[in-house]
Amino acid sequence: MAQDSGTRTLISHSQLSRGRGKVIYWTLLVVVVAGFTLVFLGPLYWMVTGALKSGQEIAQTPPSLFPKDPQPQNYIDAWNNLALAKLLFNTFYYAIGAVLFQLVFDSAAAYSLSKLRPMFGNVILALMLGTLMIPAMVLIVPQYVTVLDLPILHINLLDSPFAIWLPMVANAFNIFLLKRFFDSIPEELMAAALMDGASSLRTLWSIILPLSRPILGVVSIFAVTAVWKDFLWPKLVMPSPETRTVSVGIYTFAGGTPMNVVIAASVIAAIPTVIIFLIFQRNIMSGLTTGSIKG
Amino acid sequence: MAITTVPETTRKPGRPPSPYSARPQRTSLGRKVRDNLTGHAFLIGAVLCFVVFSWYPMVRGIIMSFQRTRRGETTWVGWDNYSRIIADPSFWTAWQNTFYFTALALVLGYAVPFFVAILLNEFRHAKGYLRILVYLPVMLPPASALFLFKFYAYDPSEAGLFNAILKALHLPTSQWMQSPEMTMPAMVVASTWMNMGGAVLIYLASLQNIPGELYEAAELDGAGIWRRIRHVTIPQTRLILALLAMLQIVATMQLFIEPLILANGAGAEDSATSVAYLIYQHGFFQNDLNGAAALGVIMLVVLAGFSAVYVRLTAKQD
């Protein structure tokens, strides 16, 4: 997937690098870069600076481009009044746990389906992939009832982080991603390990997982962002103020809080995922496309 | 060694034999049982999570939709939940709104990313930057992004961003979420902005797989840009196009957080109520989990209908 390789696309290179084509190309490029910056970065600028405006300045027409009298106090108010430290900590805690649970259970399952291939493995894989067709909203009620009273064990998981961690393990897309990657690891390596007398666990730990770092990274990033972005499920299963996630917390406070403070809190809530994206954007984009294209 | 004696041709394509299956045939029964047990031991954690949080709730949702639980007592009530939920005055409005949103999102959220991807694929500069920009909103927590739209963009006064722009262009301003006609288009714009990045990246990747010779041949035959898109680009990406259309329909039919945050749930004159929001209302506010489960089953049936159409259409093309 070379970025600027010489592969021919819709319009040929030569047409774009000569005469009229060149002029059109550069005009279009400048327009698109400017337009995209405005459309996708503009709102974020508006959000960060809007949260710095006073209540009066927000209500003024026409809106000002720069805050005249920046009020960093809005961010401080958001941090203190909404107890953002606690909310961010909760979300972070759920995200890290979700990563660990997914890495352990999903890579073990993918390893089994890819390399050990026990009886009925394909049936199990098909049943797992089938859940991708079931919309989350259809399951929300029975899932909620299940979390209230786990079958057989009769445990109530409400307000327990397991209510977020365990359902995250049931993620067919990640198992599929991991299995595809494990499939590409040569069987000869497995056979060699087997002959050296390594157990299955040992093979997974010392051969498969070290080779799979890129895909494990992708799965981890997906897990973190999924937990960070999720709204309805954590809203239902984490009802106490002490266990809320950051999105749910902001939503709960939005009614009785000045809107510039709500926006300031929204900015703070968005910072972690934006940073993760800027650091790992290559991994995220490659994971996104390999998972869908070849599937 | 057995491995070397297996002729290449007996291997299934794309699926090299497992070292276990390639072992000499005389492996004992005990060995086979043990290998299978090991395999299942590695699966058990994930399978249990699927059982408890996916497969069982699926069945339970259907069972619940024919039951009623009152004061801890559960009884079978036949189709009562269904008739009650259909009699809800918001039921048909919710379906109408949801279909309207899905249709609008198909026009905007489906066609736009495809053409954006075609455009980006032609550029030989600033590609990385543009890709990051398109995907950036996908990384924002939806609640954060929607509060931005609600308070700053869709402010019905002229202090709102969109109204300020419209006014500067001497166009009529809008009441946005307070006007029943604008509610859905406004929600589609917000939703497309938040979600289109994923589709753009997937299209970009599939565009890069189109062999350049096809374009060359089409050009030699005198096909202009539009005809090349119609006769090369679209046929070459049709599987991904069909898949994403399906995924998008499933995703947009579950419209929930947009009405909840932008329109406080129902919106002006019920113009924002969606089916998913109705499920939420019945299940968690009207204390009617059975009715909500019934609505969930109805939604599943409708989406299964869409999937069946999708499977038929894609099967025909091959």
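## Domain organisation of chain A

Domain bounds are those of an automatic or database domain assignment. On that basis, chain A comprises domain 1 (13-76) and domain 2 (81-293). The structure is a predicted model, in which local features need pLDDT of at least 70, side-chain atom pairs count only at pLDDT 80 or more, and totals for chains, interfaces and linings use all residues. Residues are numbered from 1 along each chain as its sequence is written, while chains are lettered from A and ligands numbered from 1 in the order in which they are written.

A distance of 34 Å separates the C-alpha centres of domain 1 and domain 2 of chain A. Contact, defined as C-beta atoms, placed from the backbone, within 7 Å, links 9 residues of domain 1 of chain A with 9 residues of domain 2 of chain A. On the side of domain 1 of chain A that touches domain 2 of chain A, α2 (19-50), α3 (55-59) and α4 (73-81) of chain A each supply at least two residues; the largest share, 3 residues, is that of α2(A). Helices here are DSSP runs (H or I, at least four residues), numbered from the N terminus.

## Confidence

The predictor's confidence in each residue is given as pLDDT, from 0 to 100. Chain A has an average pLDDT of 86, with 96% of the residues at 70 or above. Over residues 1-5 of chain A, pLDDT stays under 50, and the model has 5 contacts beyond four places in sequence for them. Where pLDDT is low, the predicted coordinates should not be read in detail.

## Interface between the chains

The contact involves 92 residues from chain A and 92 residues from chain B. On the side of chain B that touches chain A, helix α2 (residues 29-64) of chain B gives the most, with 21 residues.

## Nonpolar core and a helical site

A nonpolar core is a set of buried Ala, Val, Leu, Ile, Met, Phe, Trp, Tyr and Cys residues joined through C-beta atoms within 7 Å. A residue is buried if 20 or more other C-beta atoms lie within 10 Å of its own, exposed if 12 or fewer, and partly exposed in between, with C-beta atoms placed from the backbone. The largest nonpolar core has 160 residues, of which A:Ala98, A:Ile250, A:Ala265 and B:Ile279 touch the most other members. Helix α8 (residues 180-207) of chain B gives the most to this core, with 17 residues. Leaving aside residues up to four places away in sequence, A:Ala265 touches A:Ala78, A:Leu82, A:Leu84 and A:Ile250.

A:Val104 lies in helix α5 (residues 84-116) of chain A. A:Val104 counts as partly exposed because 13 C-beta neighbours lie inside 10 Å.

Key
Two residues are in contact if their C-beta atoms, placed from the backbone, lie within 7 Å.
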